[in-house]
Amino acid sequence: MFGSYDSDHVGSDDMEAILEFSRVQNRGEVGVAGPSKETAQPSYLRKHELSARLSALESEIQGVDEQVQKLKALRQSLLAEKQEVLRQTQAISHAQPATTAAINGKGKAKTSGTIDYAMEFDWAPQLKGTMKKVFGISSFRLCQQGGCNANMDGRDVVCVMPTGGGKSLTYQLPALLTPGCTLVISPLISLITDQILHLREAGVEAAMLTGGTSKALANEIQQRLTAMASARGGGQQGDIKLCYVTPEKIAKSKGFMSLLRKLVEGGKLARIVIDEAHCVSQLGHDFRPDYKKLSALRQFFPHVPILALSATCPPRVLQDILKILHMKPVVDGKAAPREGTVYFSAPLYRKNLHYSVVPKPSSAKEVVSAMSQYILQNHEHDSGIVYCLTKKDAETVATSLQDVSNGRIRTGVYHADVADGQKEGLHRQWRDGSIQVVCATIAFGLGIDKGNVRFVLHHTMSKSLDGYYQESGRAGRDGQDADCLLYYRPQDATRQSSITCTDTDGTAKLHDMLRFAQDMQECRKILFAKYFSASSDLSMTSWTTEESSAMDKCGHCDNCTRAPETIEHKDVTIEAWQILKILEAVDAQGGRQTIAGLSDLARGLGGGSFEASGKRKKSKEKVQLDYDAVAGGKVGLSKDDIETLTVQLLVSRYLGEAFSSTAYTVNVYVIPGELALRLTRLTRAEVVHGNGPRIHCSFKRQTRKGKASAAGAGTKRKTAARDGGDGGDVSVATVAGSSRPRKRLSLHDPVHPESEEEEDRHVPGLAKKKKRLHAEAGKEDEEDEDFTNAIRMVNEAEPSDAESDVEDGGWEYSLRPSKVDKQPYIDSGVISLSSDSD
């Protein structure tokens, strides 16, 4: 057929045969399905098959259309049934309260179609009976009753109550009366563990699913929840009534979300509770990214009611919460229409908490001694919390408290690195009294449900006033008196600054905390009210109670009960001008000073010299300060007073902060601030004659014969000041919490020169000792501050001082584990700021 192929030439007559041959060959090689010559189907049979298939498809489509019509009819029927159920639900949900409007005077709310959830409803007997039987509570507090009623009514709710106000009851109590499981989302393992222990002790079926839950236990809990979802009818014996999870479980576990869907389909997910809801918002002080992902809950489960709880929720944060969680605008819980998120709030002021800021001793040993003495004198058998800045601090303070008290104070440690099993054990021991005091970082606390915490001590101040309010609020949840003590010294500002300098608004928040700690006049309640009103747009009415308004003094904090003679209010404009001029001179020479270094330099320690940048890049050179030419002389205040004034200038913007980061530390230096020029542009004579702004500051003046008065600050012990200890040249005083007297020496007192003469008359022989005391002033001042050398990171000749420095870890925050030896670590990359001559 193809002829000879000896030539490349192909004739046109052969082309069709060649193409057909290629098609056949190609089908065989690549395995393309198709009829061969032997199996080719006739076209009439192929046409018949296609016709039959078309008929079958038309028949199937007709059947589907018929089913669609039936489903549409079914849908209409279900919609009608749904409307009827909704009508009946609304009729039940918005039933009249148990008492008539005429009796209790709520007629206006009733006739206007709104509901006062603070009233009693027909479920009140079951609610109160269960509350008494299970939780041992006889009556509601604050807005608990309204919150419980709105939850029982199936409404979306936002409840803002102060720390310790009893927010957990607003969902735990309804959970016991409502069929199904209540899902509770909490931010911390410690919070969840505490709640679970509390509920199990009360006989409530509660479970937790967290990263620390064992695989076997997690499987068991999920099987129980699955069984609940598939069961029909009401609740069964042994059903899990409350299931606690972290927000990460919702954000990252698809399997758990699938389980929640089954519960919803089975009608067994009663409500979703989001505790510490301010964590949802980036505007809140404890924002958690995984909290923001909780927005999916309303999208997946639109008909499950949501309860959002918080202790501090300013208007902007509240709007953020509503937006993220897809909740409707809030309505008043005492006049709530049928649509909207029911809102409850309670006054933030808790009159049973007694706040005090007490002087913090300079050495680590003395701080622990002060705390030990305070606890043994005021709360020997009471439960309490000591908050520490770092994990190492928590461990050291716990061990030291137990040692110093000879085992009379039983302590435990809680921080992020403690294993989950140990944390749960600690909770049990703390609740049953085996452990008296928990020394912890801020990882311990949110929602801790232990009512009889009689004291909360802060070893170091919090990084914000928001945090301090929350942490101190863990005391006195049972409504009984409790003490909240903050141990403070100005150098704490340096340590906290090194940590918060990279936080959003960290420096501003820390300065607000410092203002609170430095204030020795205004009532602590009013300070809180003003702060939250300014920083969070919270109305001042949030601090108003039935007994008093927001601006009424509490009458029981340290500032309200302080003896007038224990505090001195001074015009320190000259001293402020001197400090700023000295720092200006240091800055001009390329030098840098910490708060402690500036205090030493201002008083002339170390011969009045400081280190500045040399001509070569990395060299340093000593620069002698001419006090008379620069500042008209040395600053005539004590070390403590200069540091107090320095912090006052810092928060008033006359001073600023500069940060220097090394491989291990963040060093904090003070520099002239934006308002410094208001004073430094003036001469000393102009300042003396009253030109420019005036700077006032308050200083504590301890009495000579006080008996650990600072340590006993609080409601149970108030030591009366004696003999008008006015801060003269020499006074004998007790360190906070210590019975060991210490000398306090001031070389000069230009503002009150008469104090020396007055003191001379009261202290026989003092005048003859003046010269000797002045000569020893430098040495005495150096001993008065153990941490100064630690900050400047120089070797200390005295072993006892070096030991104290190592124990305290210095006032620089270090990411490097501290070395327990006699020599401080010297980093060549850190500029030495020693003002000592050696």
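Two rings of Phe, Tyr or Trp (its six-membered ring) make a pair if their centres lie within 6.5 Å; planes under 30 degrees apart are called stacked, over 60 edge-to-face, and the rest tilted. By this rule, 14 aromatic pairs turn up. The rings of F300 and F301 have planes at 55° and centres 6.3 Å apart, so this pair is tilted. The structure is a predicted model, in which local features need pLDDT of at least 70 and side-chain atom pairs count only at pLDDT 80 or more, while totals for chains, interfaces and linings use all residues. Residues are numbered from 1 along each chain as its sequence is written, and side-chain values use heavy atoms, with hydrogens and water left out.

How exposed are these rings' residues? Here, buried means under 20% relative accessible area, exposed over 50%, and partly exposed in between (1.4 Å probe, protein chains only). F301 is buried at 3%, whereas F300, at 43%, is partly exposed. Next come Y374 and F455, whose ring planes stand at 80° with centres 6.4 Å apart, so this pair is edge-to-face. Y374 sits in helix α15 (residues 364–378) and F455 in strand β13 (residues 453–458), so the pair ties together parts 81 residues apart in sequence. Helices (H or I, at least four residues) and strands (E, at least two) are DSSP runs, numbered from the N terminus. Y374 is buried, with a relative accessible area of 0%, and F455 is buried with 0% too.

Ring pairs also link up into a cluster of Y355, Y468, Y469, F516, F528, Y531 and F532. Y468 and Y469 are among the buried residues of helix α18. In that helix (residues 465–472), eight of the eight residues are buried, so α18 is largely enclosed by the rest of the structure.

A charge sits over a ring if NZ of Lys or CZ of Arg is within 6 Å of the ring centre and within 35 degrees of the ring normal. The charged end of K525 sits over Y349, 4.7 Å from the ring centre, and that of K634 sits over Y627 at 5.8 Å.

Finally, helix α24 (residues 595–603) packs against helix α26 (residues 639–651) at about 125°, with axes 9 Å apart. Axes are lines fitted to C-alpha atoms, for helices over the stretch in contact, and angles run from 0 to 180 degrees between N-to-C directions. The contact (heavy atoms within 4.5 Å) involves several residues, including I595 and L598 of α24 and I642 and V647 of α26.
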